[in-house]
Amino acid sequence: MNNFDFVCPTKIIFGKGTENRVGDETKRYSKKVLFVYGSGSIKKTGLYDKVVKSLKDNDVDYIELSGVKPNPRLSLVYEGIKICKENGIDFILAVGGGSAIDTAKAIAVGALYDGDVWDFFVGKAEIEKALPLGVILTLAATGSEASDSAVITNEDGWYKKGIHSDLIRPQFAIMNPELLYTLPQYQTAAGAADIMAHIMERYFTNVRNVDLTDRLCEATLKTMINNVPRLIENPEDYDARAEVMWAGTIAHNGLLDTGRIGDWASHRIEHELSAIYDIAHGAGLAIIFPAWMKYVYKHDLDRFVQFAVKVWDVDLTFTDREAIALEGIKRLEDFFRNIDLPVTLKEANIPYDRFEEMADKCTSNGTATVGQFVKLTKEDIINIYNLAK
């Protein structure tokens, strides 16, 4: 196990009706906030009215910034930064899924910076300060409600890049599983794939003697495997929603990282798909992760056997060790397919003519390789795209 620092200061407020506490929580930080949300679904569900009432009841003034899209755009981040600077905003409230939260995080960094906020995403500047923010979560997927990361798409060239800093972890995250009842099945499924990918990025490590976090990763994956099909069958299964929602936070708040080095190649490779083709990030990961596994499993066959046996209950007497590893990958693909996610580029109607461009972008920013479990070159990435056909 490696040395580590673990910091996760986000206050989790979990359970039924907790969205009504947003005004009381927000006023602890500010009386004037930027209220960031998406295309208006929170108005249809009544959540918007609850948020506004709670803010007003607690004498919190707000300026709205709506229009957040999946794979959130830099242009809206610029708009939010301008609002904050012109109106003396000192707290941001994001209501939505990872796209709204990541937009708020980028605004929080850019509002206190004199240059272009994109500098942080391309490594030209280090994050030294950020506005505080709070969250009401409406989609279990990205884990952004308690993570140190945010990912934004720059429409100028369609680059999708991320930032990391403990300064952008939300001060609080309000999480009511009931708010997820109205999600379309596809969003629930894509969110589940995103959560599972966050766990698997950490699980496939070269660090030895990490039994505790191995077991935590396996247990969190098993929680997803057991509960996601229940949600597909019954979107209002509160207990299953609660399990998946909490798993999404645990998957990406840093706990499963402790003492180990994760891979993150699959995320980098997928970012190029969702940047160019605007596919849901989780759906893209359902395509890329099995392809990555097929490409690298021989690097550490023992770990892939462990994954197959501990996570997917593959029988150890199954032919031979390589067959066990491949069966584990197959069961992951079958799981994604059974919840109606694509597992090939063809199934997602993504063409094959931009692999080189995507591999170039993936290895830009002065990084000739991506990933830690196996360091992948541009040629390797193209090979993985081809495996994903």
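In which helix is His198 found?

Reply: His198 sits in helix α7, residues 185-203; helices here are DSSP runs of H or I with at least four residues, numbered from the N terminus. Just so you know, this is a predicted model, where local features need pLDDT of at least 70, side-chain atom pairs count only at pLDDT 80 or more, and totals for chains, interfaces and linings use all residues. Residues are numbered from 1 along each chain as its sequence is written, and side-chain values use heavy atoms, leaving out hydrogens and water.

His198 is buried, at 4% relative accessible area (buried means under 20%, with a 1.4 Å probe and protein chains only). Leaving aside residues up to four places away in sequence, it touches Ala141, Thr142, Gly143, Ala251, His252, Trp264 and His267 (contact means heavy atoms within 4.5 Å). With His267 there's also a side-chain to side-chain polar contact of 3.3 Å, meaning a pair of N or O atoms within 3.5 Å, one able to donate a hydrogen and the other to accept it.

Now follow His267, one of the α10 residues that contact α11. The α11 side includes Leu285, Phe289 and Trp292. The axes of α10 (residues 265-277) and α11 (residues 281-296) come within 9 Å and cross at roughly 130°; axes are lines fitted to C-alpha atoms over the stretch in contact, with angles from 0 to 180 degrees between N-to-C directions.

How values were computed
Helices (H or I, at least four residues) and strands (E, at least two) are DSSP runs, numbered from the N terminus. Buried means under 20% relative accessible area, exposed over 50%, partly exposed in between (1.4 Å probe, protein chains only).
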